[in-house]
Structure formats: C-alpha cells, structure tokens
Amino acid sequence: MSDIAERALHTRAARSIEALHRSFIDNLYYVTGHSLQKAAPVDLYTALAHTVRDRMLERFISTADNYKRSKARTVCYFSAEFLLGPHLGNNILNLGLWDNLAEAMRRMGLDMEAILQQEQEPGLGNGGLGRLAACYMDSLATLELPAIGYGIRYEFGLFDQLIKDGWQVEVTDAWLRDGNPWELPNRQRRYPVKLGGHTEKYSDDNGRLRVRWVAGTTVYGVAFDTPILGYGVVNVNLLRLWKSEARDAFDFHAFNLGDYYGAVDEMVAAENLTKVLYPNDEPEVGKELRLKQQYFFVSCSLQDMVRITLRDLGDLARFADKFVAQLNDTHPAIAVPELMRLLIDEHGLRWEQAWDITGKTFAYTNHTLLPEALETWPLDLFQRILPRHLEIIYEINQRFLDEVRMRFFGDEQRLMRMSLIAEGPHRRVRMAHLAAVGSFAINGVAALHSALLKETVMRDFFELWPEKFSNKTNGVTPRRFIALANRPLAALIEATIDNDWLRNLESLKRLEPFADDAGFQTQWREVKLGAKRLLSDHIGKTLKLSVDPDSLFDIQAKRIHEYKRQHLNLLHIISLYCRLKNSPNLEVTPRTFIFGGKAAPGYHMAKLIIKLIHSVAEVVNHDPQMRRTLKIVFVPDFNVQNAQRIYPAADLSEQISTAGKEASGTGNMKFSMNGALTIGTLDGANVEIREAVGEENFFLFGLTAAEVRQCLDGGYQPWPIIESDPELRHALDLIDSGLFSHGDRQMFAPLTGNLRGHDPFLVCADYRTYLDCQDRAGEQYRDAEQWTRMSILNVARIGKFSSDRAIREYAEQIWKVVPVSVAGR
C-alpha cells in the first residue's frame, strides 16, 4: 500500500471527535451533494451512515483476508429471513464510537438520536425466525467465529401495518426507497439458477451414465454484501443476500421491432423472484414463487460455497472441512438435493461420495411443533419447477427407506410416516423430513420444545437416529436489546458492576446483592419510569393518546396468532372493565394494556383479534369512569425499531401461549432482560426463564403441555367451563351483544363462536387461572420495593439467554468451529 493510500485509510478510520466531524462533513458533501445548511434529515442520516461504514470497511477487508489465510471452517447460516433492525445505532455501539460521534454531532448543532430515527428498517424479515438469525449473526462476529449469512435481498418487506377503523391494512414496505448505505453490490459474485424444463440421461467421456438438466428458464443471482460487526472485537462477518435478475436486462431486438413491453419481459419476470418477502401463497402462482425463492437463494449460496472451497482448498472432497451449513427451519431444506446436484451433475462426484459430503455439511433447526406448519410442497408443482431435484429426492428416499426397513422390520406404517413423499390423492414433498435425513444434527430451540419434538412430530426420526438430536435454547443479543434499546439501564449496570457484561451476560449475577439495596432500587425505578415516559411520549405523538407512565404497563407485543392468545388477554381486560363498572370503588392497580403485532394478510381470525382490541379500546378509553384505572393501546407496525421502545418500558410481559405450542419465543427474553416480570404458561423458553429467575419472580398460570394434550385427547368441550364461570360467560356475552361493535352482533361472532364451540387453544380452560394470576400481579405491583426487587433479579439471572451462549453451544457441540481473532484497531 502506498504512503498516500495508507494516510487516506487511517484518516477514514480515525476515531477522534475531530476526525469524525471531518468525515461527516466530507460524506455530506461528496456522497449526498449537500452542505450542512441545506441538508435534509435523510441526507444527515446518509452522511453519518457512511462515516460509520468507513470505519467498518477496513476491519471487513482485514477479517476476510484473515479467514482466507487461516482456512478455518466457516459457518454458513441459511435463512429465508434476517430481521436485522436499523444498522446505524448498532454499528456505532459495536465500534465504541457512541460518545465521540454524539459530541461531533452536538458541535454541529445536530442531535444524533434524531438522526438515528431517519433510518428505514430493512424489510428482510418478519418475526422471531428472522430476528433470531440477526441475533446469531451478531454473536458469531462477537465471538470471532468465521461465518457467512446467506439469504434473499427482498426489494419489499412483508408489509407496513396501518390501522384504519380498527382493522389492519397492509401497505408496501418500500424500505429501499432512499437506498441502503450498508450494502455493497458485488457483481463479481453472479450465479445462474435454472428453473423448470426437463432432464436428459447421457453417457460422459468415461462411459458413466449422467443426468443433464435442460432448464426451461435461467435467472441470475447477484450478491449484495452487508458487513456484520462484532462487539468489542475487530471481526466483521459477511451477510450475503441474493438479488435476482435476468441474463440480459433489455432485449434490444424486441424493442426495435416495436415490442416495447416484450423488451423488458425477461427482466421483470426474473426480478419478481426477490421482489417481496413471503408472497401470498394461497393462489398457485404464490406457491410457485415461494418455492422458486427458496431454491434461488439456496442455489446461489451453494455455488458460492463451491467456488470458495475450490479457491481455498482446491478439492470438493474437502467441502465439509471448509463449511458447515445451518438450516434455519425448512425454508432452505432444498439445499440437500441441490448440493447433491452440484456435486454429482456439475462436478462429477459419485453418489456415495456426494452423499457423504452432504451429510457432513448440513445441520437443521426445527422451529415448530404444529404439524400444519411443517412445510410441504405439492409434488406436481415441485416436478414442474425442480425436475432434477425431485429425481434426487426419490433416490434419497429409496435409500433412506431401505435403511428404515432394515432397522424396523415389517413396520409399514412407520415407512409411510417417515417417507420424504406424503402419499394420498395429492402427493407432497415433506421438507422437514428432507432436512432431517440430509443433516447430521437436528435441534429444537428450547428444552421443552426439544423434548416434545422427540415425542411428537420428529418421534420416528429420533427413534432411528437419537444421536442427531439436541437442544439449543434460543438467545438474543444484549447489545441491541439492552445497550442500544435501554441506554440508561446499561449505564446503571455498568456503573454498578463493570463494562464486560455485554460480552459475558452471566456476569449480571453480580447485580443480585443490590436487589435489596434501597438506593439502587430507587435508581432502578427511575430508569424504568424514564423508559415508560419515552414510550408514553411516542404513543402521545403517534396515536394522540395520553397514557399514565405511573400505571402498570402490561404489554403483549408479538405476532398476532390464536395460539399466542391475545384474545385471552382481551377477555381479562373485559372482565376487569366489568368489575369496575359494577363496583366503581373497587381497589385495582391502574393499568395501561399495550398490544403490538402483525397478522398474516390471509389470516382472518388474527385480523379479527386486532379489530377486537381496537373496539374494546374505543369503549374503555372513552369511558370517563376508567380515566385513572384502565387504558388500552395498540402500537401499529411492530418491528425492531418499535420493539426497542417497548421492551424497556414493560412492567409485565405477557407470554401466555397455549403450553406446548410455542417453540421457544425470544420476546420473553427481551422483556425480562429489561426488567419486566413475566406472566406466562409453562411453554417454550418460559420454562427455562422461570427456572433461571426463580419461580417466586414469575407469575405462572395455566395448563402444562401434558395437561393440554390430555385435555384435547379427552374430547375437550369449552361450553361447560363457560357455563360454570359467570365472568367468562359475561365477557363473551358482552362481545356478542354489540357493545364493542356499535350494535353489530355479528362482527365478532366467528371469534366468540370458535371459543364457545371448539376453543382449539384452550383459552376458556386457562381463563380462570389467568385472571387469578393477574390479580396477584396487580396486587404485587402496589408493593414497589418487592416489585423492584423481583425486577432486578429478573435481569441479574437472565444471562443464560444471551445469543452468545447459544452460539457457543452450536459452535462447540454441532459445528465444531473455533474462533479466529483479527488484529487491528
């Protein structure tokens, strides 16, 4: 490197206030083309983002060079979603530049916090699956583990949620409208992806029978690279997302013939592949697009991994020495036959060697116990889109079932249950089975979930290969969800113990002796009240609704789904409202009930729950009698940015899913990390959170998973429970009466009718214990000292639920990868 280049590099990487000030002004001028006086808010954001990115890229390049030299085994995290959240604040935190940048902005009369709010949240994920992937990428870099995240660069996210007359309305999430300063287009990494067509058999030059896939069409995947920075280390890992495009963007010949639309037909069809996160798959074309999306990103990623293996090791026989690939649920399961195709058809390996490599490469994380949520594809659709892969799957299945026959002699029912192909009038390809057969490891995401996985949906596979199964309880990154989301709490923790806790969350145990310290309790309550005031201000500005920050903030913020039971929460609110109407002098703890979450566009019952939340809120919030006791708020468009406002403000965290239905949950961890107490069932990671924080610091109610199964197997009927509980019956009757729907008795009939006649998620069965538990929580909140003590202990004992712990377990027990430290600034 020349002296001039060296000086330029050090100038762009310098960390002093003066250097940051200079970089910001330079980027404002040379990147956005504006002076400080004429810059719009988005220009200020862009300049600040480039100022921070400059200081990441030296580390990014250095890390890539280090990893290449070390020839270390690399983790490839395959995920259809990466719900990253805003980059800027997280990168400033991880670089350790917060104070210097804030001061540099202040000297220019700018508010860094206001600039941070200008960032468009990347529309690359939807819920827990994508947020888990983002947390794991953060921890992989922080733990200095070589890793690449592979996924799709969606042009539009799932949707932005608006509320009109209480109903969810989906609008386009055009997150790229102002560009994305964090991604680096990498056109050198461009791979062809075949679709459709047919296969042909032929003999190669050595006389071997081979198969050639003659594609119906070919699209191309182009890499867009995002640096993922570790905390307190130099390592910067790679998130590589694929954008689809046509071989040629423009057909000049068609244009000259006057076919102006035809000139761009190929480009439009190709680019549609990565247009939208989770297109509606109810119509056939939606299913087809989903399958194409999944295959597209998997094929690009594996071709990239093949290239790197040949570059670094020169021999595909060592592919599994170079890479281990984690399948984040079944969306990337098509990777199993695709790697086989690449090794056999493209590179000439024999089946046995290719299968040995494939079986040593993939590990599979299961995220659901709901049989209907285990992904399957219609066989005819699969054959039309991926004819060669279906042939490979047939061969895998035949060899696999032969193994099952030998192990479980004469058990034909087991063969049918375990086959990769579901037989019947409409044959389907079972992707979870494919992932299980093609992976060397299978894990659940919470202790209860992993146990139930082995007893229910994966029981046959566990009985065949018990050594494949393990539990890896989910975790979340404390960098984003404490240090960034709740800076006052992070400052209090650092002042009390030390600043190492962000890399070793178990050290929060050192807060325990302070749980009974009156002075520390006072500071703790001030931090919580400050967070509640910030959320109250946000609600006031965005919803024109006044809430009391001194009230108990009772929050349920997560995807809207019947098994998550937002309607159970609502039944409690209605019952509490009735109690106060009937006994105006009843002593209750003032509460603000806060909801947040999106419903899938085609999920009518979930959308009806959102409407009911708003309808109950309309009545309660306008009742003068409730002014000082009850308030209901729905925060629209729940995403990472809004979550960072909500988690720190919660007093009570609602984790009330039907036991045995939630795989793990991670919102429960984020709330608890910020000092909220949990009211919940023994479901998912709730079980382990309760064990960790102490059962006396957790509000438990409801049936256990075993009791739920027993109840449902015994022919559960909700009607006798409703008839024997006057409050439950009255709450349902009030909904049916039209009180919350301006006299329309039919509006919520599908919801109440389902609860009265079927109640598949046992809302009625858990109603009474839930109300009793809520009464205990309300009473406990009035004892400020005891509540604060419980809150402190929740944080002090939450260290297990860091994503760093989870990633260490994956690295040591599944992936067999070791850290590679990168030296530098």
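Strands are DSSP runs of E of at least two residues, numbered from the N terminus. In this predicted model, strand 17 spans residues 552-557 and includes Ala557. Ala557 is buried, at a relative accessible area of 5%. Beyond its neighbours within four places in sequence, Ala557 is in contact with Gly596, Phe638, Ile646 and Phe671.

Strand 12 and strand 14 (residues 428-430) run antiparallel and are joined by 3 bridges. Trp377 has Val429, in strand 14, as its bridge partner. In general, strands of a sheet pair through backbone hydrogen bonds, either parallel or antiparallel.

The largest nonpolar core holds 259 residues. Phe78, Met105, Leu302, Phe382 and Trp815 have the most contacts inside this core. Trp815 touches Arg73, Val75, Leu140, Val324, Gln326, Ile807 and Tyr810, with residues up to four places away in sequence not counted. Among these partners are Val75, Leu140, Val324 and Ile807, along with Arg73 and Gln326. In soluble globular proteins, nonpolar side chains tend to be buried together.

A disulfide is a covalent bond between the sulfur atoms of two cysteines. The structure holds 0 disulfides. Cys578 is in no disulfide, and the nearest cysteine sulfur, that of Cys764, is 15 Å away. A disulfide requires sulfur atoms within 2.5 Å. Cys578 is buried, with a relative accessible area of 10%. The sulfur of Cys773 is likewise too far from a partner for a bond, because the closest cysteine sulfur, in Cys764, is 18 Å from it. Cys773 is buried, with a relative accessible area of 0%.

Methods
Residues are numbered from 1 along each chain as its sequence is written. This is a predicted model: local features need pLDDT of at least 70, side-chain atom pairs count only at pLDDT 80 or more; totals for chains, interfaces and linings use all residues. Side-chain values use heavy atoms; hydrogens and water are left out. A nonpolar core is a set of buried Ala, Val, Leu, Ile, Met, Phe, Trp, Tyr and Cys residues joined through side-chain atoms within 4.5 Å. Buried means under 20% relative accessible area, exposed over 50%, partly exposed in between (1.4 Å probe, protein chains only). Contact means heavy atoms within 4.5 Å. Helices (H or I, at least four residues) and strands (E, at least two) are DSSP runs, numbered from the N terminus. Two strands pair if DSSP finds at least two bridges between them.
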